[in-house]
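Try each one before you read its solution.

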Amino acid sequence: MVNFKANHPQEVRHEMRGGKGDVTITKVVSEGLCPNARMFATITLPVGASIGYHVHENETELFCFVSGEGKVNDDGREVAVKAGDSMQTTSGHGHAVENTGNEPLVLVACIVKD
C-alpha cells in the first residue's frame, strides 16, 4: 500500500513530554500498521525545540536523523547527532532530543511493541 505525502496527517505537540517549543509529527503510515508497530512518522523540531526525557516500557523506539543537528540524552548520556545518525531506545530505557542547530532537526521515528 502506498501512502502519499499529501495524505499524511500532521499534529503539532506543544512542549512534547516536557520539552521546549512546538514539535510536528507527520504520520507517514497512519492506518494499517502491523500489530507490533505503534508509530511510523517523521518528527520535525524547529531550532531550539526539544522532546523531553521519557522512558519507554514494553516497546522500542528507533530514530534515523534525516537533516539538521542536535543532541540526545541517551539514558543519561548526552550525545551530539546529525543527519545520517541513528539510535534505538529499548524497553526500560529513556531518551530526549533537542535541536541545537540552525535549521530544523528532522528524524524518522518508529515505535515497535516488544
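The exercises below use a predicted model.

**Exercise 1.** Find where Cys34 sits, and decide whether Cys34 is buried, partly exposed or exposed.

*Solution.* Start with the location. Cys34 is in the loop that joins β2 (22-27) to β3 (37-45). Next, take its relative accessibility, 47%.

**Exercise 2.** Work out which parts of the chain the salt bridge between Lys27 and Glu11 ties together.

*Solution.* First check the contact. The N to O distance between the two side chains is 3.7 Å, and the cut-off is within 4 Å. Now place the partners. Lys27 belongs to strand β2 and Glu11 to strand β1 (residues 10-14), so the pair ties together parts 16 residues apart in sequence. Lys27 is partly exposed at 31%. Glu11 is partly exposed at 28%.

**Exercise 3.** Trace the salt bridge of Lys20 and Glu98, then name the network that holds both residues.

*Solution.* The side chains of Lys20 and Glu98 meet at 3.0 Å, N to O. Lys20 is in the loop between β1 and β2, while Glu98 is in strand β9 (residues 94-99), so the pair ties together parts 78 residues apart in sequence. Then widen the view. Salt bridges link Lys20, Lys71, Glu78 and Glu98 in a network.

**Exercise 4.** Classify the exposure of Asp74 and Arg77, two salt-bridge partners.

*Solution.* Their closest N and O atoms are 3.7 Å apart. Asp74 has a relative accessible area of 25%, so Asp74 is partly exposed. Arg77 reaches 53% and counts as exposed.

Key
Residues numbered from 1 in each chain as written. Predicted model: local features only at pLDDT ≥ 70, side-chain atom pairs only at ≥ 80, totals over all residues. Heavy atoms only, no water. Helix = DSSP H or I, 4+ residues; strand = E, 2+ residues; numbered from the N terminus. Buried < 20%, exposed > 50% of the residue type's maximum accessible area, 1.4 Å probe, protein only.
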